[in-house]
Amino acid sequence: MNEFEVSRRRFIGASAAAGGLAAATAKTAHAAVAQTSAAPVRTPEMADVTLEVNGRRHPLSIEPRTTLLDALREELRLSGTKKGCDRGSCGACTVHVDGARVLSCLTLAARCEGKAVTTIEGLAAEGELHPMQAAFLARDGLQCGYCTPGQIMSAIALVEEGRAVSDDAIREWMSGNICRCGAYPHILAAIKDVAGSGSRS
Amino acid sequence: MENFTLANAATLDAALAAAQQPDAKFIAGGTDLLQLMKDEVERPQRLVDLDGLPLDQFSIGDDGARIGALVKMSDLADNPDLRRRYPVIAEALLASASPQVRNMATIGGNLLQRTRCGYFRDTGVAACNKRRPGSGCSAILGFNRLHAVLGGSDYCIATHPSDLAVALAALDAAVEVQGSDGVRTVPINEFYLVPGDTPERETVLRPGDLITAILVPPPGMGERSHYLKLRDRASFEFALVSAAVAIALDDGRIRAARIAVGGVGTKPWRLPNVEAALAGAAVTPTVLTAAAAHAAEGARPFRDNAFKIALMQRAVARALATVTA
């Protein structure tokens with residue numbers, strides 16, 4: 001993990017330098033060819049935002065079109081949050097923003113300044129799994145696991161919202177998270193375990 | 001998704017001014033707009049961010065409700081006063097989308113979401129009069145199981161997807177709109193346009209107009225309301241047919257009835273003939289079923305959606321039975 005962090009930093013430093021060079025070259029190239037044809041390189045307009053994710057602040061310069069999902073996965077390399085449909089239909093990308101469960105695929109990262117984002121990576125405290133993570137493991141609430149981070153983020157919010165009052169209520173309030181493997185009965189059991197035992201907030 | 005510039009607006013006036021630029025769009029919750037932009041159905045060059053504008057408050061009292069356009073669906077649905085006075089709104093909201101979407105989407109944006117017609121949302125399809133005026137309608141002779149049986153034209157039979165708008169139609173709510181020339185109030189039943197030969201025009205909003213609030217009159221004496229939504233699956237799905245009913249009861253008789261249906265019309269659709277059949281009638285199963293049968297009047301079925309007519313009659317009958325029980 002430490003080695004990865006170091007090499008990652010080096011890589012970012014190297015690419016930032018390369019990026020600066022490319023931008024300068026692009027401007028020159030643009031000036032040179034502007035008279036004759038369309039410029040081969042276009043510099044996108046960037047937006048500056050500081051993303052606060054799992055308690056750490058990350059200053060970023062990103063294209064305005066970057067979703068929170070893509071910023072988490074591609075810029076911050078927090079790949080626990082999954083891209084399923086990328087259209088708000090599956091829930092695999094569910095994260096918490098200021099405590100509310102939302103879809104990171106339909107959230108623009110540049111609009112998240114000053115907001116606190118929590119992802120699946122931010123749940124385990126000092127290496128100890130969140131009770132919902134532990135319950136999903138204990139109840140086998142997954143098969144392939146792709147939807148699991150979104151399921152867990154949604155499940156934690158559901159319990160905190162006080163929706164876990166019956167099996168039907170849990171099913172209804174989990175309906176924004178699709179499980180292609182059909183692990184629903186086990187997911188339900190995991191949520192009931194946590195809801196019934198007095199959850200950690 | 002194409003890139004765009006993102007402009008923050010510190011004040012309502014600044015937002016309205018920024019929206020005067022060509023190819024600009026407001027963004028609030030963004031749950032529908034970003035889908036449309038990813039699929040390149042919408043290609044704004046500039047987004048005007050409404051976050052932080054003071055339109056996120058609502059008040060519900062004896063003189064009615066005023067709901068700011070930036071109120072989140074989830075916040076409104078959870079309000080005890082709303083659930084008590086306007087159950088039809090709360091039920092419509094809770095039957096909409098998913099908990100995550102409801103935490104993001106706003107009341108104003110909900111009213112302006114675009115149709116779920118698959119031909120409209122797939123830019124790989126050349127012909128769609130709503131997306132490309134004059135290109136033809138692919139749905140009328142195509143796969144139209146989910147399309148409208150009421151209010152369609154030879155140009156478009158796409159349904160309006162909002163549940164909230166159907167509830168508001170039954171309650172005679174109004175939309176407060178601010179444009180460059182000031183504030184105006186539009187009754188919700190005059191807010192949406194039927195497609196006619198200009199299906200690209202869906203509301204009476206003019207370019208740069210912003211919805212600022214929804215206004216709901218107080219419920220009448222003894223009024224009860226209810227929203228019934230029928231879908232292909234139990235949750236997180238758009239309506240095949242929905243029914244919003246508001247009934248004022250007087251000693252076992254119906255004093256007044258207001259009924260709107262969703263999933264079947266090109267806009268939220270009031271059913272005046274059903275309402276007239278109920279006015280003054282005693283509440284019996286026969287009366288309710290006979291009145292609901294009027295829902296089919298004027299309906300025009302297509303290859304795959306004729307089932308919606310009988311389903312609509314039954315949905316109205318069941319919603320009436322529930323609300324008068």
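This chat walks through a predicted model, chain by chain.

Q: What kind of model is this, and how are residues numbered?
A: The model is predicted; local features need pLDDT of at least 70, side-chain atom pairs count only at pLDDT 80 or more, and totals for chains, interfaces and linings use all residues. Residues are numbered from 1 along each chain as its sequence is written, while chains are lettered from A and ligands numbered from 1 in the order in which they are written.

Q: OK, chain A. How many helices and strands?
A: Chain A has six helices and five strands. Helices (H or I, at least four residues) and strands (E, at least two) are DSSP runs, numbered from the N terminus.

Q: In what pattern along the sequence?
A: The pattern of chain A is α-β-β-α-β-β-β-α-α-α-α.

Q: How much of chain A is buried?
A: Buried residues are 36% of its 201 residues. A residue is buried if 20 or more other C-beta atoms lie within 10 Å of its own, exposed if 12 or fewer, and partly exposed in between; C-beta atoms are placed from the backbone.

Q: Which domains does chain A have?
A: The assignment gives domain 1 (1-42), domain 2 (44-122) and domain 3 (131-196). Those bounds come from an automatic or database domain assignment.

Q: How many residues of domains 2 and 3 of chain A are in contact?
A: 13 residues of domain 2 are in contact with 11 residues of domain 3. Contact here needs C-beta atoms, placed from the backbone, within 7 Å.

Q: Which element gives the most on the domain 2 side?
A: Strand S3 (residues 94-97) of chain A does, with three residues. By class, the domain 2 side has five nonpolar, six polar and two charged residues. Ala, Val, Leu, Ile, Met, Phe, Trp, Tyr, Cys and Pro count as nonpolar, Asp, Glu, Lys and Arg as charged, and the others, Gly among them, as polar.

Q: What separates the centres of those two domains?
A: 22 Å, taken over C-alpha atoms.

Q: Now the two chains. How many residues are in contact?
A: 20 residues of chain B are in contact with 24 residues of chain A.

Q: Which elements of chain B give two or more residues there?
A: Strand S1 (5-8), helix H2 (33-38) and helix H6 (99-104) of chain B. H6(B) gives the most, with five residues. The chain B side has eight nonpolar, nine polar and three charged residues.

Q: Which domains does chain B get?
A: Domain 1 (5-49) and domain 2 (223-324). Their centres are separated by 36 Å, over C-alpha atoms.

Q: What about sheets? What is the order in the five-stranded one?
A: The order is S4-S5-S8-S6-S7 in chain B, an open sheet with antiparallel pairing. Strands pair if DSSP finds at least two bridges between them. Strand S4 (58-61) and strand S7 (182-187) of chain B are the edges, each pairing on one side only.

Q: How many bridges join S6 and S8 of chain B?
A: Five, between S6 (residues 174-179) and S8 (residues 210-216), which run antiparallel. B:Val175 has B:Ile214 as its bridge partner in S8(B).

Q: And the order in the four-stranded sheet?
A: S9-S10-S11-S12 in chain B, again open and antiparallel. Its edges are strand S9 (223-230) and strand S12 (269-270) of chain B. S9(B) and strand S10 (residues 241-250) of chain B pair over eight bridges. In that pairing, B:Lys229 stands opposite B:Ser242 in S10(B).

Q: Which helix lies across S9, S10 and S11 of chain B?
A: Helix H13 (residues 307-324) of chain B, at about 35° to S10(B). Axes are lines fitted to C-alpha atoms, for helices over the stretch in contact, and angles run from 0 to 180 degrees between N-to-C directions.

Q: Switching topic: where is B:Ala139, and is it buried or exposed?
A: B:Ala139 lies in the loop between helix H8 (118-121) and helix H9 (163-170) of chain B. B:Ala139 is buried because 29 other C-beta atoms lie within 10 Å.

Q: What does B:Ala139 touch?
A: Not counting residues up to four places away in sequence, B:Ala139 touches B:Cys117, B:Tyr119, B:Asn144, B:His147, B:Ile157 and B:Ala158.

Key. Two residues are in contact if their C-beta atoms, placed from the backbone, lie within 7 Å.
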